[in-house]
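Subject: Structure for you to look at

Hello,

Here is the structure we talked about. Please open it first, then read the notes below it.

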Amino acid sequence: MIIDNQIPLYTSKELDIIKSYWDDETSEKRIFDDRSYTYKVLYHLPEEYTNRFLDWIEENIGKKLINRNYHLILHKFIKGDYFDWHKDNAYMEMGKREYAVGFHLNNDYNGGEFVVIEDEKQKVIGKVPGSPYLFTSDVTHKINKVEDGIRWSIILFVYDTSFKSKSVI
């Protein structure tokens, strides 16, 4: 399942506010054979921004999130950064990733296209700033190499444990 909304969920002013939480000193650079990018978990972002995103997710997957303890992850891709073909269906400490959800904060860069495989064809999604996209964690995708400028985006992974109530014995 791939949903690529073309209607912004955030205004350009709100996108600038989100971007203002970036701090080079507290961000983490990832450089591996198949990827290069920098990210920062936004622990102190106003709750209303995260809740609006979580509400959109619930509306589009048709399920209520029992666990809404999420923080948006801000990605910064500079010239030369990329993320090769992969799937996000890993099992993590929080559970199995069910969905990858995100949106771009800007589109004033070259390259850096977010490409998914849908019906055995490549499709570019998420280029409208503030417009969310969502896909199941088994969708193969990549981010092409940024050729010029800075590509800013938000990502959030929804885990299977977000739909399960905890039982007390």
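Six strands, β3 (35–41), β4 (73–77), β5 (82–86), β11 (133–136), β12 (141–143) and β14 (151–159), each supply at least two lining residues to the largest pocket. Strands here are DSSP E runs of at least two residues, numbered from the N terminus. A pocket is an open set of points on a 1 Å grid over the protein atoms alone, where a 1.4 Å probe fits, with protein on both sides within 12 Å along at least five of seven lines; lining residues have an atom within 4 Å of a point.

This is a predicted model, in which local features need pLDDT of at least 70 and side-chain atom pairs pLDDT 80 or more, while totals for chains, interfaces and linings use all residues. Residues are numbered from 1 along each chain as its sequence is written, and side-chain values use heavy atoms, without hydrogens and water.

The lining of this pocket has 32 residues, with Ile 73, Arg 97, Ile 155, Phe 157 and Tyr 159 nearest the centre. β14 gives the most, six residues.

Strand β14 also holds Arg 151.

Gln 122 lies in strand β10 (residues 121–125). Gln 122 counts as exposed (over 50%) because its relative accessibility is 57%.

Regards

Note on methods
Helix = DSSP H or I, 4+ residues; strand = E, 2+ residues; numbered from the N terminus. Buried < 20%, exposed > 50% of the residue type's maximum accessible area, 1.4 Å probe, protein only.
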